[in-house]
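Work through the exercises below with the sequence and the model open beside you. Try each task before you read its solution.

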Amino acid sequence: MITNTELEYKGNLFPAQIIDHKKEVDKITFYTRNNVALQISFLRDSVLRFRYAVEQDFEPDFSYAISEDATYGYNHLEIKENDDHFAMKTSKLEVKVSKKDLRLAILDLEGNILNEDELGFHWEESYEFGGNIVKMSKFSQESESFYGMGDKPSQLNLRGKRVHNWATDQYAFGKDHNPLYKAVPFYIGMHHSIGYGIFFDNTFKTHFDFCHERRNITSFWADGGEMNYYFIYGPTMPEVVGGYTDLTGKPELPPLWVLGFHQCKWSYYPESKVKEIANKFRDLKIPCDAIYLDIDYMEGFRCFTWNKEYFPDPKRMVSELAEDGFKTVAIIDPGIKIDKNYWVYNEAVENDYFCKRADGPYMKGKVWPGECNFPDFTNPKVREWWAGLYKELIADIGIKGVWNDMNEPAVMEVPGKTFPDDVRHNYDGHHCSHRKAHNVYGMQMARATHEGVKKFTFPKRPFVITRSAYSGTQRFTSSWTGDNVATWEHLWIANVQVQRMCMSGMSFTGTDIGGFAEQPSGELFARWIQLGVFHPFCRVHSSGDHGSQEPWSFDEEVTNITRKFIELRYQLLPYLYTMFYEYTEYGIPMLKSLVYYDQEDTHTHYRNDEFIFGNQILVCPILEPNSKGRRMYLPQGNWYNFWGGEITKGGKECWVEADIDKIPIFIKEGAIIPKYPVQQYVGEKEIDKLTLDIYYKLGKEESQVFEDTGDGFDYKKGRYSLRMFKLTGKEKELIIQQFKEGKYETPYEVFKINLIGLPFKVKSVQVDNVEIPLQDIILNGDTNMTIKKDFTELHIKGL
Ligand code: GLC
């Protein structure tokens, strides 16, 4: 039997010839004979937006991803009409649009093709749902590489892969598995060492094919909505990622304690267990700032309630933990238990805040508490209500951070593990089905949570962590990579996922250290913590049903290794905080994959394991059992081995020793690495000096240190301290100049200077042109001295 659908199926449809165009200051719109419209907006000289409409009908211009602070408004646009195409020029790019079929090419001003349509825009009518499947295909060049795309657990270079974005609860996912928890439809393409980005801002299920189906073609398409993408020109990867985070936003600074170590488990209860864990950290002198309460703190898994048997007086417990430096973080899920005796449920029903099915009843699904309804976080009123619900937890009880989970949204025991497609959403007044709202549900939940936590934590800074996310979620929250497994393969995945998230605008990410499911061996746990302390977010978490996963759960050697690496993280806090500052200020990824660090060096294009922590520390995890070391690639330049101090010339692969108590760590020559003393938690000690580890270089290098009170918002009013150090090394001389900005006075008065790799013996030291008698400098050995913090020039001369 031939069905109507088959009869009506028209296949791919294409734009016809251009018959008209309209120019505005920073936009041009083309119209075709078959009513397709293409609008090109020139946001900046290097950032363009392409929107296509069939039937000439653009959707209302609304996006959850694009930040209010995004820069736009380019007004030097030049347009030229040629026989067969229109050409538009900015000061960096040229766009050619073919009159015949609307296909386009984007070139740099030297005439190099950066990106060129193959079929270009085309579409297919979706008889199942109405609307169109919107498609785009582009030629890719022979040597082209592809990066980005959020949490995909695949090799960093996605060439040859096909990936999908549909936020999904993927317990115990594996390598190359997708979709996962997050939807970040942004990639970076690079050929001939020229980088560009494409951000397809479409919240429907999206698909990307990077030369998987056809060797020389890249395509992306969505199951609905508009073909609406941004093109971000580099040519450097920092410029591409910077352009993307300019569009989708950057976070504010977190409180400094959040950069400490976090311990979590499903679940620590009752109160005595939480205290026991906290005390053990202090007894064993393993630094820790945060302890987590998973779902068992609640009464029958009802959000915003407490199980009074396990936690009779949460306020007292939280404040006692706080006296010992612990901040308590609590989980909140989206599912609200259907229970007429539960105030949150009743408030939501009274105000009509739950999502509904297409034919009217509330969306009902099973999660931890049993049958639940789910707030529609795409409704601004619901978000406001939800933010207000945090008052008791934060303002009264003193919880310091909130963990949003299951917000893909996850539903148990149903096909697809989420809401059915027909569920309705407000979408900030642009009413739609779940097909469009699914990928932003988690983001809007985290956004509402962030508003609430911020309001009730004020004047301190909020902390939120989410499992699901869409592009732009970094404005509101940190994230973790979901339910991983205690296997060596997952350690590899953890490494690529966090690097990839950093390149995708969401640096503030970590993994469940040690693995969520199953039990790691002591060796695996040690290797994971050695990587985890170099992730922007550093938390041990496990499902708890496979045994314990605290630092002391293995043997003494593992406990000692764990302590040593967590201590290193605490020493590096000023360095880490500076990395965060650069991320908030410029959108710079906190971890830099080697290709991002040096795209000119083609060796980096397929590397996965090595990354740069901040700007000057090269890290490479050990990813295999029984290793005494590994081969790794050192980027161009000279690198000091962190452990031994010896220097190695980069630009090649080499074998690096790393027995169980070490991983390969290298410091870029010329770097000045700031350090604090080890503390058991942030703020335990008054910092009375800042240690500067200075790595000699023959040549120049710059480093900086950002500091402030570590909490509150005064830094926005200029109360911060940004020190820039310029190092110049000569054969028998080392000069360090300091430039300072900001109104914050650090509590310490002096720097402790450690000189590493100095090729000469010190003859004299001058601070701001005044010779310091060598006996006046606190000399420890040959090269260890203390000098006042406000020096402008330190001049060391050699014998
Ligand atoms: C989900 C989360 C996990 C959490 C558990 C119980 O599996 O991903 O982190 O511990 O739910 O709340």
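Two terms come first: a contact means heavy atoms within 4.5 Å, and helices (H or I, at least four residues) and strands (E, at least two) are DSSP runs, numbered from the N terminus. The model is a predicted one, in which local features need pLDDT of at least 70 and side-chain atom pairs count only at pLDDT 80 or more, while totals for chains, interfaces and linings use all residues. Residues are numbered from 1 along each chain as its sequence is written, and side-chain values use heavy atoms, with hydrogens and water left out.

**Exercise 1.** Find which residues of helix α6 are buried, and what covers them.

*Solution.* Step one is to recall that buried means under 20% relative accessible area, exposed over 50%, and partly exposed in between (1.4 Å probe, protein chains only). By this rule, the buried residues of α6, which spans residues 380-389, are Val-382, Arg-383, Trp-385, Trp-386, Ala-387 and Leu-389. Step two is to look at their cover, which includes the strands β21 (327-332) and β22 (336-337) as well as the helices α5 (343-351), α7 (391-397) and α8 (434-457).

**Exercise 2.** Identify the residues with the most contacts inside the largest nonpolar core.

*Solution.* A nonpolar core is a set of buried Ala, Val, Leu, Ile, Met, Phe, Trp, Tyr and Cys residues joined through side-chain atoms within 4.5 Å. The largest one has 191 residues, and those with the most contacts inside it are Tyr-297, Ile-332, Trp-386, Phe-534, Phe-613 and Leu-734. Helix α9 (residues 488-503) gives the most to this core, namely nine residues. Apart from it lies another core of 45 residues, with Ile-40, Tyr-52, Leu-93 and Trp-123 among them.

**Exercise 3.** Where is the cis peptide bond that joins Phe-458 to a proline?

*Solution.* The bond joins Phe-458 and Pro-459, with omega about 10 degrees, and Pro-459 lies in the loop between α8 and β28 (464-466). Most peptide bonds are trans.
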